[in-house]
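Subject: Structure for you to look over

Hi,

Here is the structure we talked about. Please open it beside this note, and the findings follow below.

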Amino acid sequence: MQYIYPIIKADYLQRTRSYSFLITLAITIFMAYSFIPANSANYTTLSALGYKGVYNSAWVGYVSGIMTTVMLSIYGFLLVNSGIKKDINTEVGLIVATTPITNFKYLLSKQLSNYIVLLTIAGITFIVSIGVFFMRGTGYPFILGNFIFPYLFFAVPALFVVASLAVAGEVFLGRRSILQFIAYFFLVGICMGLINAKSDDQPTGIFDPFGLSLITKSITQHINSHFNEDLKGVSFGFIFNGRSAYKTFTWEGLNWSALFIFSRLLWMGLGLGVVYISSLFFHRFDSKQADPKRKTKEVAAIQTDQPIEQHAGISRAVLPPLVFDYGIFPLVRTELFMLIRQGKKWLWLVNAALWVAMFIVPFNIAHNYLLPVLLFLQVTRWSELVTKEKTNRVHYFSFASYKPLQRMLPAQILSGVLLSIGLSLPLIIRGALTFNSDVVLSIINGAVLIVLLAVAFGILTGGKKLFEVFFFLLTYSVVNKVPVTDYLGSLPHQDMSFFMLVILGINTVLVIVSFMIRRYQTRHS
Amino acid sequence: MALTITNVTKQYNAQKTALTNYSIDIDKGVLGLLGPNGAGKSTLMKIIATISKPSEGTLFLNGIDIVRNPDAIRKVLGYLPQDFGVYPNLNAYEFLEYIAAMKGVGGKGLRRRIDLLLEGVNLSADAKRPIGSYSGGMKQRIGIAQALLNDPQVLIFDEPTVGLDPEERMRFRQLIADLAQNCIIILSSHIVSDIETIADQVAIMQDGKLLIHAPQHDIIKQADGCIFELLLDNSKLGSFKQQYKVIDTARQADQIRVRYISSKGKEAPSSTQVTATLEDAYLFLTQDNG
C-alpha cells in the first residue's frame with residue numbers, strides 16, 4: 001500500500017488541478033443546492049404521488065444523499081473513466097509498464113484515485129446539503145447523523161462500485177468511449193430498475209448496488225400506512241411535473257440493519273473483484289493491445305523510411321510562386337473532414353440509420369428522442385473541435401498563423417455547425433415542408449448551441465471531459481422531457497419566440513466568451 | 001529585414017521570470033541561440049513567433065511593432081517549435097494543406113509546392129500514410145516542411161535537429177545555409193556543433209539574460225588561451241575536478257584525456273594549451289556566470 005499511495009496522490013492531484021474540475025465543483029454546488037427544491041419550485045427530486053416530506057434533518061439529509069448517489073452514479077462514471085487513457089496519451093504508461101508494480105496494484109491505484117475524486121464531489125454536496133437545511137429549514141432540529149448516514153451507507157459504497165466500473169470500462173473497452181457509455185448506462189438502467197422492483201420484499205440491499213431500495217420501501221410504507229394509498233415505489237431525479245403544492249408528511253429516517261451494512265461491504269468487495277478481474281486482462285500499455293492501429297503503422301514506418309540519398313533537399317528556387325488566399329474555406333473544409341473522420345467508422349452506420357429514421361418515424365419521436373441521441377452520439381467529435389489543437393500540440397502552428405482569431409476559430413465553429421445542421425436536416429426538412437418555422441428555427445438554434453457549448457467548454461477548460469459530461473446530462477434531461485433543458489424546442493412552451501430568443505442569447509454569449517478567451521490564449525501559450 | 005528586440009521581459013509570476021531586459025538586433029543570416037535548460041531560449045522564440053506576449057519591452061520587424069500588430073510577422077513567419085505535435089489522423093499531404101490554409105497559402109501551385117517540400121524532406125513515399133504512424137524523425141521533417149510552406153522571411157527553429165539522424169542533420173544544415181541568404185533564421189540547439197556549423201552570429205543566454213551576442217569567432221576568442229588538455233590517471237580525476245572546470249573527458253589507453261578551463265599560468269603541470277571551440281567558449285562563458 002505504501003507504493004500505491006504516492007500514485008493515487010499524484011493521479012488525484014493531476015485530475016483535480018484543472019479548470020474543468022473547478023467548473024465541475026461549481027456545477028456540483030449548484031446541483032446540490034437544487035436537490036432540495038424550494039416550496040414554490042415546479043420540480044421535485046423525489047416523486048411519491050404528490051407527497052413530500054417536511055424539510056427536517058432526515059428528509060433533507062436523505063434526499064441529498066440519495067440524489068448525490070444517483071447523480072454521481074450516472075455522471076461520475078463519465079468524469080473518471082479516463083485515468084488509464086491519460087497514461088496512454090501522455091506515454092507515462094510506458095514508464096509504468098517497466099516498473100515492478102503489478103497490474104492489480106496499478107488498476108487499484110486508478111480505482112482508488114477515481115473513488116477519491118468522486119468522494120470529493122460527494123463531500124461538497126454533503127456540506128451544501130447542511131447549508132440548504134438551514135436555508136430551507138422550517139425550525140426542525142439539526143441532527144448530524146441524518147446527514148452523515150445516507151452518505152456513508154448509500155454514496156460511499158455506490159461510488160466505490162462506480163470507480164471500479166470506470167476502470168473495468170477502460171480495460172475492456174479501451175478507447176471506445178461511446179461503447180463504454182452505452183454499456184455503463186445499460187447497467188445503471190438495470191440497477192435503477194432493481195430499486196423499486198425489490199420494494200415489495202424486505203429489502204436487504206444484496207441485489208441493489210445503490211442500496212436505495214431500503215429508502216423507497218420506507219417512504220412508500222409510510223405514505224401507504226398514513227394516507228391509505230397503494231404506492232408501489234418512488235422516483236428519483238429532477239422531475240418536472242409543474243406541481244408546486246404537495247401533501248406533506250414527517251419522515252424520521254431509516255433504521256440501519258447489520259445485514260444492510262453488510263450488503264454495502266459486499267458491493268464494495270464486488271467492486272474490488274471487478275478491478276482484480278480487469279487486471280487479468282489489462283494490456284499493461286503494450287501498444288499493440290492499447291492501440292492496435294498505431295503499432296502496425298509504426299512497424300510499417302520503419303520499413304518504408306527511404307534512404308537519405310534518394311532525395312535532393314529543398315531549393316526555394318524551384319518552388320512554385322506563392323499565391324496568398326486568406327479565406328477560411330480551406331480551413332472549414334479540413335476541419336469538417338477531420339470531424340467526419342474522427343471516431344469509429346461503424347458509428348456512421350448508426351448515424352445513417354438514425355438519420356434515415358428521422359424521416360420516417362412520427363415527428364414527435366424523432367424530435368424528442370432520435371435527434372438528441374443522434375447529436376449525443378457525436379459527442380467526441382464536438383468535444384474535440386477546439387481541444388484537438390492543444391491535445392495534439394498543433395496550437396503552436398495555429399496560434400502563430402495569420403489572424404488565428406478571425407480565421408481558425410470561425411472555421412472550427414462553422415465546420416461544427418455544418419455537421420450538426422446536416423445531422424438535423426431530416427427534421428429541418430420535415431418542419432419546412434409543414435411550414436413550421438418555429439420547429440425549423442428551434443432545431444437550428446439547438447444544433448448551433450451544442451457546437452458553441454463544445455467550443456466554449458473546450459476553450460475554457462482545455463479538455464473534453466466537462467463538455468462530454470454536461471452534454472450527457474443535457475441529453476438525459478431532454479429525453480426525460482425536462483423543460484428547462486429542452487434545447488431543441490421539442491416540448492411545448494408558453495412563449496415559443498421568447499424560448500428561441502433565450503437560446504439565441506445563450507449562443508451569442510457563448511460566441512463572445514469563446515472569442516475573448518481564445519484571444520487571450522493565442523498570445524499566452 | 002531586421003528584427004529589433006528591446007528590453008523584453010517575460011514574467012510568468014512573482015517567482016518566475018523567463019526573460020529579463022533582453023535586447024538584441026537580428027539581421028539577415030543565421031543567429032544561433034545557446035544556453036542551458038531554462039535560459040529562456042524557447043520563451044524568446046515564442047515571443048518572436050507571437051504566441052507569447054512579453055510582459056515588457058518591444059519587438060519591431062522592419063519598423064513594425066509586432067507586439068501590437070502580430071499579424072505583420074505571422075505573414076512571413078516559419079516556426080518549428082520544440083515540442084510540436086501533429087494531427088495523427090491526417091496524412092502528410094493533408095496536414096501540410098491544412099497548415100498552408102492557416103498561413104493563407106493557396107492557389108494552383110500549392111499542390112506542387114507541397115509535393116516538392118515533401119520530396120525535399122524525403123517524405124514523398126509516406127505522404128499518404130497517417131502522420132500518427134510516423135517515427136520521431138519523420139515528424140520532425142514534416143515540421144521542417146511546414147515551416148517553409150510560405151517562403152518565410154523569418155524562420156524560427158527551436159531544437160530542429162532533435163530526432164534527425166546524422167545524414168538528415170547534415171542535410172538540414174545545408175538547407176539552412178541556402179535559406180540564410182534571404183531571411184532571418186533564429187535557431188536554438190543543445191548540439192553546439194550544429195550551431196557552430198550553421199550560425200553566423202551566436203547569442204548565449206543564461207537565466208533569462210543575454211550574456212553575449214557576437215559573431216562566432218569573436219565568441220570563441222573569449223576562451224582563447226584558457227582551454228587545456230592533460231592526460232591523467234583515472235584515480236586522480238576526482239580531485240582534479242575539484243580544482244578545475246572540466247569540459248570533457250575521453251578514455252585513452254589506461255589514462256583519461258581531460259579538457260579543462262583554466263586561467264593562463266594557473267593550468268596544471270604537463271598541460272597543453274589547445275585551440276578553443278564554440279563549445280569550449282560556451283562552457284567557459286556559462287560556467288563563469290553560473
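Let me begin with a sheet in chain B. Four strands make up an open sheet, and their order is β13-β14-β12-β15 (chain B). The pairing is antiparallel. The edges are β13 (245–252) and β15 (272–273) of chain B. Each has a single partner strand, so one side of each is left without a neighbour in the sheet. Keep in mind throughout that this is a predicted model.

One pairing in that sheet can be followed down to residues. β15(B) pairs with strand β12 (residues 227–233) of chain B in the antiparallel sense, over 2 bridges. B:F228 has B:Q273 of β15(B) as its bridge partner.

Domains of chain B

β10(B) and β11(B) run antiparallel over 6 bridges. B:I204 has B:I212 in β11(B) as its bridge partner. The two strands form a hairpin with 2 residues between them. In the turn, B:D207 has a positive phi of about 50°.

Where the chains meet

The contact between the chains takes 48 residues from chain A and 56 residues from chain B. On the chain A side, α12 (292–304), β5 (323–324), α13 (329–341) and α18 (395–399) of chain A each supply at least two residues. α12(A) gives the most to the side of chain A that touches chain B, with 7 residues. The residues on this side of chain A divide into 23 nonpolar, 14 polar and 11 charged.

There is strand pairing between the chains as well. β5(A) pairs with strand β7 (residues 105–106) of chain B in the antiparallel sense, over 2 bridges. Here A:V323 stands opposite B:G106 in β7(B).

Domains of chain A

Chain A is divided into domain 1 (4–292) and domain 2 (329–522). Between the centres of these domains of chain A, taken over C-alpha atoms, there are 29 Å.

Two helix pairs in chain A

Take α3 again. Helix α3 (residues 57–80) of chain A crosses helix α21 (residues 465–479) of chain A at roughly 155°. The axes of α3(A) and α21(A) come within 9 Å. Over 145° counts as roughly antiparallel, so that is what α3(A) is to α21(A). The crossing of α3(A) and α21(A) is right-handed. A:Y75, A:L78 and A:L79 make the contact from α3(A). From α21(A) come A:K465, A:E468, A:V469, A:F472 and A:L473. By class, this contact of α3(A) with α21(A) has 6 nonpolar, no polar and 2 charged residues.

The other pair is helix α14 (residues 346–360) of chain A and helix α19 (residues 404–433) of chain A. They pack at an angle of about 15°, with their axes 8 Å apart. Angles under 35° count as roughly parallel, so α14(A) is roughly parallel to α19(A). The crossing of α14(A) and α19(A) is right-handed. From α14(A), the contact uses A:W355, A:M358 and A:F359. From α19(A), the contact uses A:L423, A:P426 and A:L427. By class, the contact of α14(A) with α19(A) has 6 nonpolar, no polar and no charged residues.

Best wishes

Terms used: Residues are numbered from 1 along each chain as its sequence is written. Chains are lettered from A and ligands numbered from 1 in the order in which they are written. This is a predicted model: local features need pLDDT of at least 70, side-chain atom pairs count only at pLDDT 80 or more; totals for chains, interfaces and linings use all residues. Axes are lines fitted to C-alpha atoms, for helices over the stretch in contact, and angles run from 0 to 180 degrees between N-to-C directions. Angles under 35 degrees count as roughly parallel, over 145 as roughly antiparallel, 65 to 115 as roughly perpendicular and the rest as oblique. A crossing is left-handed if the near helix is turned anticlockwise from the far one by less than a right angle, and right-handed if clockwise. Two residues are in contact if their C-beta atoms, placed from the backbone, lie within 7 Å. Ala, Val, Leu, Ile, Met, Phe, Trp, Tyr, Cys and Pro count as nonpolar, Asp, Glu, Lys and Arg as charged, and the others, Gly among them, as polar. Two strands pair if DSSP finds at least two bridges between them. Domain bounds come from an automatic or database domain assignment.
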